[in-house]
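Got the sequence and the 3D view open?

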Amino acid sequence: MGVAGVDGEAEMLKATFLPFISPSHLIPVIEIGRIFAMQGVDVTIITTPANAAVFQSSIDRDSNRGHSIRTHVVKFPQIDGLPEGMESINASTPKDMAPKIYEGLSILEGQFRQLFRDMQPDFIVTDMFYPWSVDAAADLGIPRLIYVGGTYIAHSAMDSLERFAPHTKVDSDDQSFLLPGLPHKLEMTRSQIPDRFKVPNDAYAYQMKIIKESEKRSYGSLFKNFYELEGAYEEHYKTVMGTKSWNMGPVSAWVNQDASDKAERGHAKVEEEKEQGWLTWLDSKKENSVVYVCFGSMNNFPAAQLVEIAHGLEESGHDFIWVVKKIDESQDDGTGAFLEEFEKRVQGSNKGYVIWGWAPQLVILEHPAIGGVVTHCGMNTVLETVDAALPMVTWPLFAEQFFNEKLLVDVLGIGVPVGSKKWSNWNEFGNEIVKREDIAKAIGLLMGGGEENVERRRKVKALSDAAKKAIQPGGSSYNSLKGLIQELKSLKLQKVDRKMEAVA
Ligand code: UDP
């Protein structure tokens, strides 16, 4: 399927992109860069070697397609105690290594600034975690567009928490409260909201304050969403933040249109043999009969939770694909053997297929045998699942995922909650173990028959259709991008005019 470009309008524009170093921020920012390049913008992406390895093949393919896009690789600094090549914050990153990776990034700041000066872009697109880049852009007299990640509903809900502090007016962590001032009546509990709203002098709260200030001073924000998904929250967000924003989504559907783009996306290499394994297995299954279970790129469940998931999947009686991180031998308390036994058992009964490590999610989601998804509500996965017209079991864990669950369950009516009650910090999952019976029950509701299920499928199909239209000429995201490119072009022309006036 071809998606038309915003022809010729941006041929003079030159952009530099600086993505963050965790997959869920890196992947969409690269995809936004690829979308700009599809429209004739000259795009250079600055990153480090291990992060480049995650997406370089897609850049090479785009370049071979004639798009003006490239990667500029910067060596990651040597940091005491940080193994060479550990440059990304993901499920395999030991918690004590994250501060060292941040240290490396802050050492690179000077080099990044110099590259902006040398490359002389017309605008920069940088991740929210580089708040300093708003000043770097101001020094160069060019716009900075910020990638803030997440959803409009999450940003709106967090703004409501900051503004009205409803969580301070309840007696216990489990008592629900209403999020004031939002387009819908959304209820949450204190245990479901991030620590930074609850813990005094929280370091992340301070970091987020700086990020929010830099967002307000940026030219505007880029979102990977599309208007039809959460338009009411987009309007709300723009009003309360007083900033501009543009939707580019669903970004993954826009750029990953051929098989190799889909298969290799977000990962250096796909194991050929394993890929064939799941494909052959899925091909043998009936339409809409398999549930896909995956918790994103950052997940590290404790053994007790993995055991509950395994039993829950079996108890549900439905066929499944489960993506599980291989247990590190040095930390294995016997769970590795349990999971291997489980894999053998479900292979024997032909009820399930285990993918160890990384799954080619985009390809799996579009297989006709997949009928539903169990997700932690990471927004990349949510958008990909909506695009594939699949309903979800919602199992939020960390970051803004509990707010995303509200969107899926309460606003859009396309999610079945597993009953997740406690927000956790990344890599500290395990304070709350979701029980096998709750997992089996939610999957039963998702995959079973009944009117509610039919209604969920009808709603998600309508959203999927809207997602596909959004990126076509005349669609909401297409028009959003077209408008932004026009704006950036006229800013560039104004700058050229001012220079000429100064010379005359
Ligand atoms: N992903 C994938 N295969 C995996 C795990 C994740 O392709 O085995 C991709 C997934 O398609 C999504 C991203 O990684 O694009 C994960 O982002 P998300 O926002 O869903 O979750 P996070 O990683 O931030 O927790």
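What follows is a short tour of the chain, its ligand site, a pocket and the cavities.

A quick word on ground rules: this is a predicted model, where local features need pLDDT of at least 70, side-chain atom pairs count only at pLDDT 80 or more, and totals for chains, interfaces and linings use all residues. Residues are numbered from 1 along each chain as its sequence is written, and side-chain values use heavy atoms, with hydrogens and water left out.

**The whole chain**

The protein chain has 18 helices and 15 strands; these are DSSP runs (H or I of at least four residues for helices, E of at least two for strands), numbered from the N terminus. The radius of gyration, taken over C-alpha atoms, is 23 Å, close to the 23 Å that the globule rule (2.2 Å times the number of residues to the power 0.38) gives for 504 residues, so the chain is as compact as a globular protein of that length. Along its principal axes, the C-alpha trace spans about 80 × 55 × 50 Å.

**Around the ligand**

Which residues come nearest to the ligand? Out of 19 around it, they are Ser24, Ser297, Ala359, Thr381 and Glu384; to be counted as near, a residue needs a heavy atom within 4 Å.

The protein covers 97% of the 530 Å² of accessible area that the ligand has on its own, with areas from the Shrake-Rupley method and a 1.4 Å probe. Helix 1 (23-38) and helix 14 (379-387) each give at least two residues to the shell, and helix 14 has the largest share, with four. By class, the shell holds eight nonpolar, nine polar and two charged residues. Here Ala, Val, Leu, Ile, Met, Phe, Trp, Tyr, Cys and Pro count as nonpolar, Asp, Glu, Lys and Arg as charged, and the others, Gly among them, as polar.

**The second largest pocket**

Helix 14 turns up again here: it gives the most to the lining of the second largest pocket, four residues. Helix 8 (251-255) and helix 13 (361-365) are also among the helices that supply at least two each. A pocket is an open set of points on a 1 Å grid over the protein atoms alone, with protein on both sides within 12 Å along at least five of seven lines, and lining residues have an atom within 4 Å of a point. This one has about 440 Å³ of space. Its 21 lining residues include Ala253, Lys262, Glu366, Asp387 and Lys468, which lie nearest its centre.

**The cavities**

How many cavities of 30 Å³ or more does a search of the whole structure find? There are three, a cavity being a set of points where a 1.4 Å probe fits but cannot get out. The largest has a volume of about 110 Å³, and of its 15 lining residues Glu31, Phe55, Ser58, Arg265 and Gly266 are closest to the centre. Helix 1 and helix 2 (49-64) each supply at least two residues of that lining. The second largest cavity holds about 80 Å³, and its lining includes Phe301, Trp395 and Lys422. Volumes are the space filled by probe spheres set on the grid points, which are joined across faces, edges and corners.
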